[in-house]
Amino acid sequence: MAKLFYFGRLIDISGTAQENVPLPAHVEDTETLVSWLEDQRGWQGVLSERHIRIVVNDEIRSGRVSISNGDEIGFLPPVGGG
Amino acid sequence: MTTRLNPIAELGAFQDRIGDAGAIVSFTGVVRSRSGLGDVLSLHLQSHPTLTEQGIATAIDTAHARWPLTASLVRHRIGEIGPHEPIVFVATAANHRRAAFEAADFLMDYLKTEAIFWKKEITATGTTWIEPKENDYKDRARWHARTETTKCTE
């Protein structure tokens, strides 16, 4: 199982702040995870939008990052406080 | 922080730990009661369990490396915040005012565009996630363009 976390407006789309998902064999990195989730859930372009940042095990990462079951992956839309 | 923010009390406590500084600048951000979408009932602020604090700590380190500050403080609310309530408080102290002004401005620009918070506005007509505006990014970019530390004068 991988643990997926959603933040901000992505919670409204996913309907949850976190979920446990068994990764299929072909999902070996963040890019295949994004396209698999978008296909499976009908979230066309929602996670692959360029402003969405990906966190793997509490670290913001860019590009294609290897993942496997047991990892924690978060999807961060644009941020801003104040 | 989830509890109510008291800028006067924060400033008082801050003043006790500024060392030999000759200048304190503080900024308080307050939730407006009206937005483009109508009367604001509340703002909902979400943070990340680890990255929010880490990011603010790094921004504070950057400010101290760039300006000769004797102390600084950042307080930011999370959770539900009502209109007219303080949402953010920043204070900086330095020997001279220019460094304190600039460092406070720098920290606020970081908080508006890069700090890991998500902000939802709840109005009578619905809810909207608020993301930084183009002007917020422009304000932030001013600090990347200027690499020289400002010379401080009284």
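Visitor: What should I know before we start?
Guide: It's a predicted model, where local features need pLDDT of at least 70, side-chain atom pairs count only at pLDDT 80 or more, and totals for chains, interfaces and linings use all residues. Residues are numbered from 1 along each chain as its sequence is written, chains are lettered from A and ligands numbered from 1 in the order in which they are written, and side-chain values use heavy atoms, leaving out hydrogens and water.

Visitor: Why is Leu45(B) called buried?
Guide: Buried means under 20% relative accessible area, exposed over 50%, and partly exposed in between (1.4 Å probe, protein chains only). Leu45(B) has 2%, so it counts as buried.

Visitor: Which residues does Leu45(B) touch?
Guide: Contact here means heavy atoms within 4.5 Å. Not counting residues up to four places away in sequence, Leu45(B) touches a list including His76(B), Ile81(B), Ile87(B), Phe117(B) and Trp118(B).

Visitor: Where is Leu45(B) found, and what stands opposite?
Guide: Leu45(B) is in strand S3 of chain B, and Lys119(B) in S7(B) stands opposite. Helices (H or I, at least four residues) and strands (E, at least two) are DSSP runs, numbered from the N terminus.

Visitor: How do you know that S3(B) and S7(B) pair?
Guide: Two strands pair if DSSP finds at least two bridges between them. S3(B) and S7(B) have seven, in the antiparallel sense, so they qualify.

Visitor: What makes S2(B) and S3(B) a pair?
Guide: They have two bridges, also antiparallel, and a hairpin joins them through two residues. Ser35(B) has Gly38(B) in S3(B) as its bridge partner. S3(B) also runs antiparallel to S5(B), residues 79-81, with three bridges; there, His44(B) is partnered by Glu80(B).

Visitor: What makes something a nonpolar core here?
Guide: It's a set of buried Ala, Val, Leu, Ile, Met, Phe, Trp, Tyr and Cys residues joined through side-chain atoms within 4.5 Å. The largest one has 30 residues, and those with the most contacts inside it include Ile56(B), Trp67(B) and Val74(B). H3(B) gives the largest share, nine residues. Apart from it lies another core of 21 residues, among them Ala2(A) and Trp43(A).

Visitor: How do you know what a pocket is?
Guide: On a 1 Å grid over the protein atoms alone, a pocket is an open set of points with protein on both sides within 12 Å along at least five of seven lines, whereas a cavity is a set where a 1.4 Å probe fits but cannot get out; lining residues have an atom within 4 Å of a point. Volume is the space filled by probe spheres set on the points, with grid points joined across faces, edges and corners. The largest pocket comes to about 520 Å³. Of its 23 lining residues, the closest to its centre include Gly82(A), Arg32(B) and Lys112(B), while S1(B) gives the largest share of the lining, three residues.

Visitor: Why is His84(B) called exposed?
Guide: His84(B) has a relative accessible area of 59%, which is over 50%, so it is exposed. His84(B) lies in the loop between S5 and S6 of chain B.

Visitor: And why is Asn57(A) called partly exposed?
Guide: Asn57(A) has 40% relative accessibility, which falls in between, so it counts as partly exposed.

Visitor: What is the phi of Asn57(A), and of His84(B)?
Guide: Asn57(A) has a positive phi of about 50°, and His84(B) one of about 75°, although neither is a glycine. Most residues other than glycine have a negative phi.
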